[in-house]
Amino acid sequence: MTAARPGVDAQQPHPRTAPETTSRATDRKPAPTRRGAADPVKALMHRHRELCERAVDPLEIAAGLEAHGVTDRTAARFRHRDVFSLAEEMYARVSRDDTGAPPRDAVAVQPPRAGWAVLALLPGVLCAAAVTGVRLTDGRLRLALAVGGVLAVALGVRMAFRRGPLSNPPGTHAWRTPPGTRLWTYWLLAYALLGDGLLRAADGGGPDGLPTGVAGGAWSTATAPVLALTLACAPAAWCAHRFAVRAQRKLATSRGLEDFADSVRPLLLGTFALFLCALTALLALCGTALGEPAAYGQAVTLGALLLLARLLTVHGFTRAPALALGAAAATEGTALATDLIGRLPGCGFLATPVETVLGSWGPGGIPALACGAAALALLFHTTRTLTRASAHAPANEPR
């Protein structure tokens, strides 16, 4: 009995052997992968691979992420406190060539170059020469100088916008100014020069009295506002340069998108106010030198509208400037057309709004109201767009 029991026991497995074997076999099986264990930052880098590879610093990645809708709240899902912290990790993890472009801080702190500074003065110098030539001549020579002066000033403005802070930033896919924006700008400047005199002639004699007024020289031109606006290209370029440099510095020191927006908004408003002060001083100077009314209302509002439109265009926002300039030009054209049509029999009611403005503020009230309303709307839009980090990074297409 005692000898047989060990044999039987030897043939039967130990009760603990099967469970242990099953447990070891289970341990050898690979654990199922969890989606939560995946690297979310790596997936985000793959999604924005081109942005990460071409970036010269983490700030450019942060601006690009914001342009694609990534906010500080979104960065929290990637275990980062803000977009800047997320961009720093993405910049550190991406592989790049060390011989790439220099850091943006080195580019941003460069002083203004004499090249674009001289070009910014060119429109004002050409306009001053044209105004002087027109005032010292008469007859056909005067007309020829006026036409040549207009073409020369247009060429000077175009050259001023090809380089410097009022031009498209280098190293990006440059976006062109929409043709509609150019057309409306030409209209607004032409109205600043001829609109008040044309409106006076139309209001005084209607369609029958207009040719006589033009031929007889009663159709006056406002050269002082136009001269001041062309001279203001230089302070506009300096203000744009100042805003771009200081915005880059604040981008480097900010630790959140809201922090950057709060610091850039006063800078933008201060730069805008500084340009308006310079334009007002130029208007007073030109009005005194030419012996003409300075036309502060329509000239200041038009200058504000043109500066905001150019700042937005330089940073890639081209739709809003076209709409604002088009609305101001359409308002001026509609006012002039309704005043002319109101002289026809039975259509006098159409000219009532224009006559009300003329009686209260004079001919300059119409462009002042049109450009002022458009500039105010564009200023509100600018404080929302140019205070974002994405507005100060290179963009590939208009927005």
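**Figure 1. Buried residues of helix α9 in the predicted model.** The buried residues of α9 are W116, L119, A120, P123, G124, C127, A130, V131, G133 and V134; buried means under 20% relative accessible area, exposed over 50%, and partly exposed in between (1.4 Å probe, protein chains only). They pack against α10 (139–160), α12, α13 (233–253) and α14 (257–290). Helices (H or I, at least four residues) and strands (E, at least two) are DSSP runs, numbered from the N terminus. This is a predicted model, in which local features need pLDDT of at least 70 and side-chain atom pairs count only at pLDDT 80 or more, while totals for chains, interfaces and linings use all residues. Residues are numbered from 1 along each chain as its sequence is written, and side-chain values use heavy atoms, with hydrogens and water left out.

Figure 2. Helix α9 covers residues 114–136, and its 23 residues should span 33 Å at 1.5 Å a residue; the expected span is 1.5 Å times one less than the number of residues. The C-alpha atoms at its ends are 32 Å apart, which agrees. At L122, shortly before the proline P123, α9 has a kink of about 30°. The bend at a residue is the angle between axes fitted to the seven residues ending there and the seven starting there.

**Figure 3. Helix α12 and its residues P225 and V226.** Eight of the nine residues of α12 are buried, so the helix is mostly covered: T223, A224, P225, V226, L227, A228, L229 and T230. P225 has a relative accessibility of 4% and therefore counts as buried. Leaving aside neighbours within four places in sequence, P225 is in contact (heavy atoms within 4.5 Å) with L283, P293, A294, A295 and A299. The C-alpha atoms of P225 and G287 are separated by 7.8 Å, although these residues are 62 apart along the chain. V226 is buried, with a relative accessible area of 16%. Not counting residues up to four places away in sequence, V226 touches C127, L189, A192 and L193. From V226 to A294 the C-alpha distance is 9.9 Å, across 68 residues in sequence.

**Figure 4. A368 in helix α18.** A368 lies in α18 (residues 365–385). This alanine counts as buried because its relative accessibility is 19%. A368 touches G297, Q298 and T301, residues up to four places away in sequence not being counted. A368 and V300 are 68 residues apart in sequence and 8.2 Å apart in space, C-alpha to C-alpha.

**Figure 5. R310 over the ring of F161.** R310 lies over the face of F161, at 4.4 Å from the ring centre. A charge sits over a ring if NZ of Lys or CZ of Arg is within 6 Å of the ring centre and within 35 degrees of the ring normal.

**Figure 6. Confidence along the chain.** The chain averages a pLDDT of 77, and 69% of the residues score at least 70; pLDDT is the predictor's confidence in each residue, from 0 to 100. Among the elements of the chain, helix α12 (residues 223–231) has the highest mean pLDDT (95) and helix α8 (residues 104–108) the lowest (41). Over residues 1–37 the pLDDT stays under 50, and the model has one contact beyond four places in sequence for this stretch. Residues 206–218 also have a pLDDT below 50, with nine contacts in the model beyond near neighbours in sequence.
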